Amino acid sequence: MHRVIILVVSSALLLLSLNCFGAILFQENFDSLPDWNVDNKFVDECSGNCKNAPRNWSNFRTVPGSMLLKNPTGSIRRLPNNLPDHSSGSGKAYIVFNQSVVNINWPGDSILLKVLPHDYDEIFARFWLRTQPAWQSVPSSQLKVFRILHWDRTGNIFQFSTYSSPIFFWDLAVSGNNRPSYLTAYRCGPKQSNYYCTAPSVPFYQKNDIFYPIPFNKTTSPGAYADTQWHKYDFHVKLNNVGANDGVMEWWYDGKLVERRTNVQWLSEGSSSVGWNSFAIGGNSNNTFLPLADQWYAIDDVVISTTPIPQYYKIPNN
């Protein structure tokens with residue numbers, strides 16, 4: 001009898017451990033959140049112990065490139081003109097207004113960031129994204145969309161090169177010949193000597209921030225991602241053994257594999273053995289399509305997990 005009780009208790013503790021540290025770590029469809037920053041109240045950076053961040057989130061940056069543009073760079077609300085969100089059609093999303101301000105590079109930041117409670121060797125992520133109608137872009141333009149990182153849990157979380165590594169950045173982009181593209185950028189450890197992944201054995205694709213074509217649409221920009229439809233973006237990042245080329249980065253567009261790397265060296269010799277513990281959506285852009293203007297894209301149904309996310313997973317209603 002005692003053996004049965006011990007077995008049951010041990011199984012319960014194992015299940016509790018799996019629930020705490022495995023599978024889904026974070027999910028957000030924004031529908032149950034109050035509207036946030038729709039009045040452009042926040043035009044600053046909120047790092048550290050941020051009391052003004054939306055519920056469930058940790059930090060934000062809503063820093064405009066020009067105060068002449070009145071739309072908040074980042075907000076939670078119904079889509080403009082009551083267009084349908086992804087999750088229910090009548091719910092909310094995170095709305096990013098990218099700014100175009102002549103003679104200013106990368107104006108109008110709009111980051112929404114979550115710090116996870118633990119460090120994890122492996123992370124799977126998903127979000128859905130759509131752009132406004134009549135999206136405009138110019139050749140060689142970029143818009144920051146997603147990043148996942150290890151933060152030291154000290155200092156300003158937005159000062160990445162000082163307090164964070166490794167980091168994976170992912171941008172949507174338009175190539176120099178005006179094709180829909182994306183950009184991947186890697187930042188490595190140890191950050192004091194290898195932030196830009198310059199260690200001798202780091203693969204070539206980590207050493208440069210490279211534009212790649214989105215392969216499933218041959219139309220000219222913005223075609224693939226700026227067609228006003230909701231598109232699904234999935235990511236998988238896994239840390240390497242320190243000094244070894246056995247890390248992973250792969251991502252999917254609408255369920256189709258776009259890029260798979262299995263020899264990533266996130267952490268070179270001399271690095272501490274750390275884990276992923278933060279991620280962010282949104283950002284600024286470098287896309288001067290008009291002298292002074294802005295345009296929006298929306299992110300919805302964000303899921304972060306330590307195991308693969310089922311293809312048709314739906315976030316439960318809160």
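A disulfide (a pair of cysteine sulfur atoms within 2.5 Å) joins C46 to C50, with an S to S distance of 2.1 Å. Because the torsion about the S-S bond of C46 and C50 is about 115°, this disulfide is right-handed. Both C46 and C50 are buried, where buried means under 20% relative accessible area, exposed over 50%, and partly exposed in between, with a 1.4 Å probe and protein chains only.

A note on the model itself: this is a predicted model, in which local features need pLDDT of at least 70 and side-chain atom pairs count only at pLDDT 80 or more, while totals for chains, interfaces and linings use all residues. Residues are numbered from 1 along each chain as its sequence is written, and side-chain values use heavy atoms, with hydrogens and water left out.

Back to the cysteines: a search of the whole structure finds two disulfides, and here they are together.

| Disulfide | S to S | Torsion about S-S |
|---|---|---|
| C46 to C50 | 2.1 Å | about 115° |
| C188 to C197 | 2.1 Å | about 95° |

The bond between C188 and C197 is right-handed, given its torsion of about 95°. C188 has 0% relative accessibility and so counts as buried; C197, at 0% relative accessibility, counts as buried too. Counting bonded cysteines along the chain, the pattern is 1-2, 3-4.

Now for the chain as a whole. It has four helices and 17 strands; these are DSSP runs numbered from the N terminus, helices being H or I of at least four residues and strands E of at least two. Of its 318 residues, 54% count as buried. Among contacts (heavy atoms within 4.5 Å) between residues at least 6 apart in sequence, 72% join residues at least 24 apart.

Where are the pockets lined? The largest pocket has 17 lining residues, and K144, F169, D171, R187 and D209 lie nearest its centre. Strand 8 (141–151), strand 9 (164–174) and strand 10 (180–187) each give two or more residues to that lining. A pocket here is an open set of points on a 1 Å grid over the protein atoms alone, where a 1.4 Å probe fits, with protein on both sides within 12 Å along at least five of seven lines; lining residues have an atom within 4 Å of a point.

The second largest pocket is lined by residues including F124, R126, K232, D234 and W252. Strand 7 (122–131) and strand 12 (231–238) each contribute two or more residues to this second lining.
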